[in-house]
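I'm jotting down what I look up, one topic at a time.

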Amino acid sequence: MQRIPEEKIDEIRSQVDIVDVVGNYVQLKKQGRNYTGLCPFHGEKTPSFSVSPEKQIFHCFGCGKGGNVFSFLMQIDGLSFVESVKKVADLAHIPLDVAISQGDSSPGNKPDSQESKMIEIHQLASKLYHYLLMETEEGQEALQYLLDRGMSEQELDHFEIGFAPAHASTVTTFLKKREVDLALAVESGLLTERDDGEIVDRFRNRIMFPIKNDRGQLVGFSGRLFNQEDGPKYLNSPETPIFNKRNILYHFSDARQEIRKKEEILLLEGYMDVISSVSATFSNGVASMGTSLTEEHVQMIRRVTNRAIICYDGDRAGIEASFKAGTMLAEQHRLEVFVLQLPNGKDPDDFIRSEGAEKFAEIYTHQRLTWTAFKLQFFKRNRNLQNETDKIAYLGEALAEIGKLDQAVERELYLKQLGSEFDLSMEALKQQLQQTVVVKPKPHDYGGPPPESYGEYPSYEGDGGPVYEQFSFAQPSGVPSAGLTSEKRLLKYMLEDRDAFIQIRNLLEEHQTDFYHDNYKALYTHLIGFYASGNDANPLALMDQLKDDMARNLVSELEMMTVNTDVSIEEYQDYVQSLTKSSIERDIKEKEQALLTATQQGDMPAALELARTITTMRATMKNTPN
């Protein structure tokens, strides 16, 4: 494994802002000096994830994960340290001539892990499928089918569309010649094993759509029938260690940057819809691959945007799916939701290819329905509005929805529409609305620190603009002890100042005391080695050398702390004495428990000796300054 010089690592780190890198994965909002968002490492509804542009670190106050730009990529993308440095170097356009060897390891996904090998197998198969489609006579029929549907060769190349021949062993033979582990290829879902033990291709006589996860890794395929009716129209890879439809949105990794740019995501139903939307310059389109939107999908979406545009097929199933997805997004997770309904019930792919990109852009931009407007239309379905019973029932549902709106202008607008449609007076509608409206609950009280430490984080509802709700960072339960507070402060000063490290270390040795908590003691040991190697204070460089995630998380937590920078050796002495006092208190409690045990057992000599020891220790603690 080639070693990257420390100077080069420092140069690469200094050329990239961690806010820009993290912002590709998390929707960040400016909050004072830092940026906050929903943690990408654990599910949460209240933001506890913070990024400091000043410190160039991230830290989640909910799950505790933290680090610098390299460790973020290592954890979010499963990269080794060298891979993460290379990725940041690419972002900074810094040449880095370092090969990644099989010996390079990381706390996350190792290059030679089973999962990585499965991904490599899929990449090999994808290249084969694409070659068979574009360059062989066997793939000509499938290629002509796609071209007849309006796809260009550029689109086929961009999305790496391929073709799986009807033969049972095309891919199997291909992989066998490259000495690929066929059992692993079966486990990855690419091949399948028959009852007689023979291993064969899973996908046959299908147009192949490669599927990537949110990290851009190729983890599965969807094969589409095109010249026969035998079998399901689409056949997806099975659930495997690398492929789970609940966690994957087609085109999400490639769309992420455009989603952030447009500040909204376009939700579509199928692969062809996504491909057509990209050709129409709407590269923020993704699809849930024929499955309903899941909680995992919503969490992915919320990390990059607060606004979703739903454009599903215009048939009955598509409209019902739009209602189900919108309800989850808007009412359960408070995203701003719009719905596109294309003319004549067409799906996006058919509409774009028949009517053109400009017409789709017109509808996308100017004819999108608000979530309330869509629901009012949805509630009319299957109702005969010429029938008084159905009409009254519909008005009741409509008024209940209008009553949920926060903005008076919005309520007035929809009431006027109802009044005009059913020839009802505004006075009657408002009177009925007052009887229908249920008082909305107050914003959630999330607990945590006192109000002055609260921030504001935007959610979206009402008029489509940001509505700010209170939040606080998640805090450890209970009040930290004086000893714990002293440990944190001492370590923070030692992290950021080499002279402070020397002064505090001398005080610790002078008082014959040490850090009590294991992770704090471990970090102190790392610091001794770090400074002994001739390094100046540099928390970011220290993080790169730490192999233990807990230690790295602790550094990020300490770096997020705000402390007095104008500190004297007398203050260090106070914190060290606090550690000494806490140590004595713990020893006294242990001796008191031993005294109780000796007394219960009738061992009076031992009990008397323990009592004298406790008295001496209490006297020592009394004389220890606070």
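Which strands does helix α11 lie across? I found that α11 (residues 271-279) lies across β9, β10 and β11, running at about 70° to β9. For angles like this, axes are lines fitted to C-alpha atoms, for helices over the stretch in contact, and the angles run from 0 to 180 degrees between N-to-C directions. Contact means heavy atoms within 4.5 Å. Helices (H or I, at least four residues) and strands (E, at least two) are DSSP runs, numbered from the N terminus.

Ground rules before I go on. This is a predicted model, where local features need pLDDT of at least 70 and side-chain atom pairs count only at pLDDT 80 or more, while totals for chains, interfaces and linings use all residues. Residues are numbered from 1 along each chain as its sequence is written, and side-chain values use heavy atoms, with hydrogens and water left out.

**The sheet**

I looked up the strand order next: it is an open sheet of four, β6-β9-β10-β11, with antiparallel pairing. Strands pair if DSSP finds at least two bridges between them. β6 (162-164) and β11 (234-236) are the edge strands, each pairing on one side only. On average, neighbouring strands here are turned by 35° against each other, direction ignored. β6 and β9 (residues 206-212) pair over three bridges, and Ala164 stands opposite Arg206 in β9. I also noted helix α5 (residues 114-135), which lies across β6, β9 and β10 (218-224) and runs at about 35° to β10.

Helix α25 (residues 569-600) has 32 residues and reaches 47 Å from first C-alpha to last. That is close to the expected 46 Å, taken as 1.5 Å times one less than the number of residues. Just after α25, Gly602 takes a positive phi of about 75°.

**Rings**

I count rings of Phe, Tyr and Trp (its six-membered ring) as a pair if their centres lie within 6.5 Å; planes under 30 degrees apart are stacked, over 60 edge-to-face, and the rest tilted. That gives 30 aromatic pairs. Phe360 and Tyr364 have ring centres 6.3 Å apart and planes at 45°, so they are tilted. They sit four residues apart in helix α15 (residues 357-366), so about one helical turn separates them.

Buried or exposed? Phe360 is buried at 0% relative accessible area, and Tyr364 is buried at 3%. (Buried is under 20%, exposed over 50%, partly exposed in between, with a 1.4 Å probe and protein chains only.)
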